[in-house]
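Subject: The structure we talked about

Hi there,

Here is the structure for you to open alongside this message. Have a look at it first, and then read on.

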Amino acid sequence: KMFKIFDQFPRYKKEFKVYRGSNVEKIFKEGDIIKNPIPSSTSLLPYVARGFLQESCCVLEITVPPKFPVIFLHKYKFWEKEVVMFSCDLQVTETLTIKRKNFSKYLDDPDIPWIRQFRTNKELPETMVIVKCKVIEH
């Protein structure tokens with residue numbers, strides 16, 4: 001029944017990107033498949049995804065194809081600009097290692113370089129990994 005909920009939401013007609021912080025101990029490389037067997041939470045805001053990233057792995061930058069089933073929760077006043085994606089697999093198209101402080105430069109977003117991580121008691125690594133992915137529909 002949960003999957004039928006996606007049918008009630010309109011399909012977006014253009015390709016777009018969402019982001020997700022992923023705290024796993026895996027190093028992804030081009031061509032890897034990331035299994036996503038259940039609907040998952042992502043964000044339209046890359047800084048939100050980075051905020052969920054601790055010391056492990058990466059921020060997934062996911063290219064969502066036109067008309068793929070998603071639920072845009074941000075329309076309902078969620079601060080994270082959350083997008084729930086239907087279950088799918090993701091194929092890694094590229095991985096990049098950057099300095100955390102250069103995330104705004106990577107996003108070509110020089111106007112807000114001051115956005116920081118959520119507060120944490122841990123010292124976070126200087127670098128982070130961006131894993132670019134595309135959706136593989138079942």
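Below is what turned up, going from the overall layout to the cores, rings and charged pairs.

Before the details, please note that this is a predicted model, in which local features need pLDDT of at least 70 and side-chain atom pairs count only at pLDDT 80 or more, while totals for chains, interfaces and linings use all residues. Residues are numbered from 1 along each chain as its sequence is written, and side-chain values use heavy atoms, with hydrogens and water left out.

**Overall layout**

The protein chain contains two helices and eight strands; helices (H or I, at least four residues) and strands (E, at least two) are DSSP runs, numbered from the N terminus. Reading from the N terminus, the order is β-β-β-α-β-β-β-β-α-β. The chain has 138 residues, and 40% of them count as buried. Here buried means under 20% relative accessible area, exposed means over 50%, and partly exposed is in between (1.4 Å probe, protein chains only).

If we take contacts (heavy atoms within 4.5 Å) between residues at least 6 apart in sequence, 86% of them join residues at least 24 apart.

**Strand pairing**

**Nonpolar cores**

A nonpolar core here is a set of buried Ala, Val, Leu, Ile, Met, Phe, Trp, Tyr and Cys residues joined through side-chain atoms within 4.5 Å. The largest one has 20 residues, and those with the most contacts inside it are Leu60, Ile62, Val64, Val70, Met85, Leu90 and Cys133. At least two residues of this core come from each of E1, strand E4 (58–64), E5, strand E6 (82–85), E7 and E8. E4 gives the largest share, four residues. Apart from this core lies another, of nine residues, including Val59, Ile98, Phe103 and Ile130.

What does Cys133 touch, leaving aside its neighbours within four places in sequence? Its contacts are Ile34, Leu60, Glu61, Ile62, Thr63, Leu90, Gln91, Val92 and Thr93.

**Aromatic pairs**

The whole structure holds six aromatic pairs. Rings of Phe, Tyr and Trp (its six-membered ring) pair if their centres lie within 6.5 Å; planes under 30 degrees apart count as stacked, over 60 as edge-to-face and the rest as tilted. Tyr12 and Phe72 make an edge-to-face pair, at 6.0 Å centre to centre with 75 degrees between the planes. Tyr12 lies in the segment before strand E1 (16–22) and Phe72 in strand E5 (residues 70–72), so this pair ties together parts that are 60 residues apart in sequence. Tyr12 is partly exposed at 37% relative accessibility, whereas Phe72 is buried at 18%. Together with Phe16, Tyr12 and Phe72 form one aromatic cluster.

**Salt bridges**

A salt bridge is a side-chain nitrogen of Lys or Arg within 4 Å of a carboxyl oxygen of Asp or Glu, and the whole structure has seven. One of them joins the side chains of Glu61 and Lys17 (3.3 Å, N to O). Because Glu61 lies in strand E4 and Lys17 in strand E1, this pair ties together parts that are 44 residues apart in sequence. Glu61 is buried, at 4% relative accessible area, while Lys17 is partly exposed at 41%.

Asp32 has salt bridges to Lys26 (3.9 Å, N to O) and to Lys29 (3.1 Å, N to O). Asp32 is buried at 13% relative accessibility, Lys26 is partly exposed at 42%, and Lys29 is exposed at 53%. Through shared partners, Lys26, Lys29 and Asp32 join into one network.

Best wishes
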